[in-house]
Amino acid sequence: MEYEAVIGLEVHAQLLTDSKAFCSCTTRFGAEPNTNTCPICLGMPGVLPVLNRKALEFTVRMAIACNCTIRETSRFARKNYYYPDLPKNYQISQYELPVAEHGWVDVETVSGEVRRIGLTRIHMEEDAGKLIHDENRPVSYVDLNRTGVPLIEIVSEPDIKSPEEAAAYLRTLRSMLVYLEICDGNMEEGSFRCDANVSIRPKGETVLGVKTEVKNMNSFRNVQRALQYEIERQTAMLKDGERIVQETRLFDPSTGATASMRSKEQAHDYRYFPDPDLLPLRVDPALVERIRAELPELPAQKKERFIQQFGIPPYDAGVLTASKPMAEYFEQTVKLHPNPKAVSNWIMTELMRELKGADESDISTCPVSPTQLADLLKLMDSGTISGKIAKTVFEEMYSTGKDPGKIIEEKGLVQVSDTSEILSLVQTVLDDNAGELEKFLAGKTKIRGFFVGQVMKISKGKANPALVNQVLDEELRRRGSK
Amino acid sequence: MGNLLPGPNPTFREGMQTVTQLYDMTATELARLLREKKVSSVEITRSVLGRIEAVEGKIRSYVTVTPEIALDMAKEADARIAAGDSRPLTGIPIAVKDNMCTRGVRTTCGSRILANFVPPYDATVVGLLRREGMVMLGKANMDEFAMGSSTETSYWGPTHNPWDLERIPGGSSGGSAAAVSAGEAIVSLGSDTGGSIRLPAAFCGVTGIKPTYGSISRYGLVAYASSLDQIGPIGRDVWDLALLLNVLCGHDPADSTSVPRQYPDFTTFLDKSVKGMTLGLPQEFFSKLDNPEVQHAISEARAVFEGLGVKFVELSLPTLDYGIAAYYIIAPSEASSNLARYDGVKYGHRAGEFESMIDMYCRTRAEGFGPEVKRRIMLGTYALSSGYYDAYYLKAAKVRTLITQDFEKAFEKCDAIFCPTAPSPAFKIGEKIDDPIQMYLTDVFTIPVNMAGLPGMALPGGMSRDGLPIGLQLIAPHFEESRLVQLTAAFQKTTDHHLKRPTL
Amino acid sequence: MKITPEQVDYVALLGRLALEPEEKKKYMGQLDDILKYMDMLAEVPTDDVAPMAGSVELYTPLREDDVKASLPVEEALANAPARAGTSFRVPKILE
């Protein structure tokens, strides 16, 4: 009996607003505990929430990008449960009437296949605080700075079929959120979180199996590991004739396994009801249209455009559009020096090497501006400097921030392209290496490379390689035919 | 209570035969004397503080009296008046119900769980009182978390009705109403979720109004039932209420349920004729009325209104009883969620001993809350719990639409609705506290008004044979509290019920 | 609708209220009475009726995304029953 996996993912993304969802405290990270709090986010008696306009607009942006239907009227609901990091002991969230529903995203899997993953809903809610456990004593410490930071929850349909697909889906979502400038997508720091619902069923079966919820996966790799483990665990159980228990399981990164949580409350009874302190939320169709018109180009669209407009291969387009700032850098440089292939090659080799980036390549730390890079490439393409010299110049530009023209001038690196100058260099080399010349003329053609190297050496790399070859060959022929 | 002030109570004489104590006068009268520089705010405040010292032992209107703060504010008020920088109510002393946050002054909601809570912020309305230059006397006693109709559930003990110390003053704003009645405050602020301003006003023989939901900011009012709670003023007569409504009504961006709208100058309605207006008599209200003394007060009042040219029509509110039942789902449900925050983590009482986090929550709340609050939390939690939401909360919310529609239809036939505030005068302390359903039936005339969000005015309508005040009620359409001011003023110009004072 | 002791226990736990056995019995009886009274709601036909959001037919207002000063941390903690540094201190939750 073969089984297939059915996976649904719930993503929580922290929105990049300046102030919190329902009060005006800063959302800035890293402050001393409880220094970014006010009576409202502390849940003091008598306080009331007022919704942050930007949080709504960011939510609508993502909803549009994910092809969702946006409700004209939606409601906030209270999700009631007790926890020390939840000061009101309820979370303001959305339940029956979320802002957006029935969307989808196209995900490119590793095999290159494009899969359409459905989104059940996107809704707004507020984040909870942080609970830090004492190592030694049976106490914990509550920091409410993060309480009230706006989140969107993105719930996928159970359309995902494998751990790899799950990772690809998460990468796609994260890239979109970052492109839309509404989230910084940092899984390690917790601004992008994921929980999974996993079940398996006989291949071809349409009815869903019993699902488990998996939590505590804080990287894409761990999501894959956790899902892989869980699928194997459930498969083994079913093959042994055991039944799957519907439960919440925590992933343990050190073992790679999931383990059942000791149940805190019999299956949470959240007692959702519409929050009476917040009236119905209206999303004006005119607002949706304005946001749609102002929507930044999304990664998939940009990649396609790069392929079409600049004629670069899909792989390169993918690398360049992986981050929006990188894509912008590329386009600005191309604007100034319309040789997209050259620009693309340079960025993907020399520049990225300097950045030492992971798959994010934080271009914001690059000291070389698009103008400077364009100038360098112009100098190279026009033959003023050789490709090899250009690399040296670029390293200098990167460490000093100086313009290429200035560096070339200061170091006298202008490529020698004067044929008579090269001829004199060639003649010097051949004259100084008479022994080698004899061997060459006797038939050892490999020595030619040595002569080229010598010419480049005495010219300090400035000799135009193509011309060196041309002039050297002519001179060797001339001397050979003597 | 402690030593408030040395010396006798200051009194005011101006060639009058009888001496009227300053604490016995209305805000309107005192404001005039202040303007005419015949008296100072400090003198008025001393008079009221002296009165508190004299009678508070019997009445227990207050949880916290703030004499130093009051005198400081009085001095500031006098300075503003001298500088020509005063407003209509500058210098007038006021009591604030203890469920409105007052910065630096403990705010207990009549509960052990907040017995030591000192808010670092003012409720919006408290800020408005400060801006007006009023003088805060202290925090008035109340049923715990506003849950009750008698002020018997207060952790601090019951407030006593100034008209009969063995009786309840009504609730939950019992302290606010009793203080005004007894001269322990010139005016006060109360809050009303199911009748908590109007009922104590009626039982204490003073005038109180719950304005339209959304007209006075709830920011800083400790929530009981968010969709029903409203703050309102209590005073000796509608002239004082009109002045307070002018201060309090208005949009607050900090309250998402606050309505962005302009309010009229309510004092312009104090002198308007009511001739030609129509008052409606809902049969479902009157079929519940079986107390002959209340019936008598109603028919006397009707005669007064008819003498002023007001017509009466019978009408029907068919879903009234269901509207009352729905309140007992909606209010506790919202309350169960609003009161979840009292957990001993951030503020308030925390249990001394516990074995785990859950244990700490459970013991803290068991120790901190009284039986009525626990009962409503249980009821509300049950009504919202899995499997019951549709049958209870959702159903109640739909019934609420129906009762609101009933009122809308009724107002097509009349300008305002007329009925009693309560089915009987004040009952004895301890009489109903162990019978929740009996207690809840005290609110049958007041609850529907909150369910529909309408404004409701309670005004004195006479006395029972036992010398207990009987309250009348007027209900108007949304944002027509000016009509209530107009009708009440006409009535109070023609009658003297509101002039009576208890002897203490 | 008869409330069972198990239901009372369940609701008390959901509401984080530790009840003595006498309290549980009392509440069971009182809740039962109140709920019987509420059962009358089932008599009213409400199929085509929309639940009332609140008394006001408006939409929730929006606030500009401007940062305002937070409470000074000592004021935020002034009422704390237990603290450690600028954190609230609580017993450890057993997961």
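Author: Start in strand 6 of chain B, where B:Leu189 is the bridge partner of B:Val96. The model is predicted, so local features need pLDDT of at least 70, side-chain atom pairs count only at pLDDT 80 or more, and totals for chains, interfaces and linings use all residues. Residues are numbered from 1 along each chain as its sequence is written, while chains are lettered from A and ligands numbered from 1 in the order in which they are written.

Now the two strands around that bridge. Strand 4 (residues 93-97) and strand 6 (residues 187-192) of chain B pair in the parallel sense, over 3 bridges. Two strands pair if DSSP finds at least two bridges between them. Strands themselves are DSSP runs of E with at least two residues; helices are runs of H or I with at least four, and both are numbered from the N terminus. In any sheet, strands pair through backbone hydrogen bonds, either parallel or antiparallel.

Next, the sheet. Chain B has an open sheet of 11 strands, in the order 3-5-4-6-8-7-12-13-11-9-10, with mixed pairing. Strand 3 (62-65) and strand 10 (311-315) of chain B are its edges, each pairing on one side only. From one strand to the next, the twist averages 30°. Axes here are lines fitted to C-alpha atoms, for helices over the stretch in contact, and angles run from 0 to 180 degrees between N-to-C directions.

Step back to the whole chain. Chain B holds 16 helices and 13 strands. Its C-alpha atoms fill a box of roughly 70 × 60 × 45 Å along the principal axes. For 504 residues, a compact globule would have a radius of gyration near 23 Å, and the 22 Å of chain B agrees. That radius is taken over C-alpha atoms; the globule rule is 2.2 Å times the number of residues to the power 0.38.

Of the 504 residues in chain B, 66% are buried. Buried means that 20 or more other C-beta atoms lie within 10 Å of the residue's own; 12 or fewer means exposed, anything in between is partly exposed, and C-beta atoms are placed from the backbone. Two residues are in contact if their C-beta atoms, again placed from the backbone, lie within 7 Å. Among contacts in chain B with a separation of 6 or more, 76% link residues 24 or more positions apart.

The loops deserve a look too. Most residues other than glycine have a negative phi, and most peptide bonds are trans. B:Gly171 and B:Ser172 are joined by a cis peptide bond, with omega about 10°. B:Ser172 sits in the loop between strand 5 (135-140) and helix 5 (174-182) of chain B. B:Phe145 lies in the loop between strand 5 and helix 5 as well. Its phi is positive, near 50°. B:Phe145 has 31 C-beta neighbours inside 10 Å, so it counts as buried. B:Lys37 also has a positive phi, about 60°, and is not a glycine. It lies in the loop between helix 1 (27-35) and helix 2 (41-59) of chain B. With 10 other C-beta atoms within 10 Å, B:Lys37 is exposed.

Now the partners of chain B. Its contact with chain A takes 37 residues from chain B and 25 residues from chain A. Helix 10 (320-338), helix 11 (357-368) and helix 12 (371-384) of chain B each supply at least two residues of the side that touches chain A. Helix 10 gives the largest share, 3 residues. By class, this side of chain B has 21 nonpolar, 10 polar and 6 charged residues. Ala, Val, Leu, Ile, Met, Phe, Trp, Tyr, Cys and Pro count as nonpolar, Asp, Glu, Lys and Arg as charged, and the others, Gly among them, as polar.

The contact between chain B and chain C takes 55 residues from chain B and 41 residues from chain C. On the chain C side, helix 1 (5-14), helix 2 (21-38) and strand 3 (87-91) each supply at least two residues. Helix 2 of chain C has the largest share, 7 residues. That side divides into 31 nonpolar, 7 polar and 3 charged residues.

B:Lys395 is in helix 13 (residues 390-410) of chain B. Leaving aside neighbours within four places in sequence, B:Lys395 is in contact with B:Asp390, C:Leu41 and C:Thr46. It counts as buried, with 24 C-beta neighbours inside 10 Å.
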